[in-house]
Amino acid sequence: MINDPSARRPVEDARPFVVRPVGEDQWEIVAWLWQCFRQDLAPVVSGLPYADGRYQTRGLAAFPTPDGAGYLAWRPHPNTGQDAPIGFALVDGLASERRTLAALWVAPVVRREGVGLQLALDVIARHPGPWAVAFQHENNNAGIFWRRVADAAFGRGRWREDVRPIPGRAELPPDHWIETV
């Protein structure tokens with residue numbers, strides 16, 4: 001574990017990693033990982049890359065701001081030993097009543113290690129207060145994951161799940177929203 005006051009130790013993991021706020025010079029790293037995040041979502045949202053070969057970046061353009069922050073999960077790369085990003089999380093609503101986990105992505109090779117759960121819990125713990133997270137109706141794995149996060153972060157019975165239409169997109173299935181009560 002790197003001795004870094006801005007880093008938090010994960011819950012429990014056989015292969016430790018650290019979570020740090022995204023530095024001013026690290027948003028380009030998040031932008032690269034954002035493409036992986038959007039590629040993972042592509043089958044669920046019928047997303048295609050645009051003419052320049054990139055997926056949409058609309059959600060990423062809102063960061064960083066006083067209302068939004070980003071976090072990167074780091075672990076030494078097995079080939080180089082240098083810290084390498086294995087995931088990211090974006091939070092908005094920091095200046096509002098309710099925080100929202102706007103995006104969370106973990107590299108596929110570490111997904112069965114609990115990295116996503118630990119990253120989500122770490123980020124939620126950094127920002128006390130009411131929380132919300134949305135996921136697509138068609139994304140069954142996301143539903144399982146976020147319900148597990150909600151139970152661990154807030155406690156059973158201390159959150160609710162609602163189904164809401166997507167504004168301006170009546171042709172799409174509604175999103176699911178998990179919110180603290």
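Is leucine 101 buried or exposed? I looked it up, and leucine 101 counts as buried at 5% relative accessibility. Buried means under 20% relative accessible area, exposed over 50%, and partly exposed in between (1.4 Å probe, protein chains only).

**Ground rules.** I am working on a predicted model, where local features need pLDDT of at least 70, side-chain atom pairs count only at pLDDT 80 or more, and totals for chains, interfaces and linings use all residues. Residues are numbered from 1 along each chain as its sequence is written, and side-chain values use heavy atoms, with hydrogens and water left out.

**Leucine 101.** I placed leucine 101 in strand β4. Helices (H or I, at least four residues) and strands (E, at least two) are DSSP runs, numbered from the N terminus. I then listed contacts, meaning heavy atoms within 4.5 Å. Not counting residues up to four places away in sequence, leucine 101 touches Ala89, Leu90, Val91, Ala120, Val123, Trp131, Ala132, Val133 and Trp146. Its C-alpha atom is 5.3 Å from that of valine 133, 32 residues apart along the chain.

**Helix α2.** I turned to α2, residues 115-126. I found 11 of its 12 residues buried. Its buried residues pack against β1 (18-21), β2 (68-76), β3 (83-92), β4 (99-106), β5 (131-136) and α3. I checked its length too: at 1.5 Å a residue, α2 should span 16 Å, and its end C-alpha atoms are 17 Å apart, which agrees. The expected span is 1.5 Å times one less than the number of residues.

**α2 against α3.** I looked up the packing of α2 on α3 (residues 140-154): the angle is about 45 degrees and the axes are 10 Å apart. That makes α2 oblique to α3. Angles under 35 degrees count as roughly parallel, over 145 as roughly antiparallel, 65 to 115 as roughly perpendicular and the rest as oblique. Axes are lines fitted to C-alpha atoms, for helices over the stretch in contact, and angles run from 0 to 180 degrees between N-to-C directions. From α2, the contact includes Gly116, Leu117 and Ala120; from α3, it includes Phe145, Trp146 and Arg148.

**Proline 64.** I noted a cis peptide bond between phenylalanine 63 and proline 64, with omega about -15 degrees. Proline 64 sits in the loop between α1 (27-45) and β2. Most peptide bonds are trans.

**Arginine 164.** I found arginine 164 in strand β6 (residues 159-164). Arginine 164 is partly exposed, at 27% relative accessible area. I listed its contacts beyond four places in sequence: Pro174, Asp175, Trp177 and Glu179.
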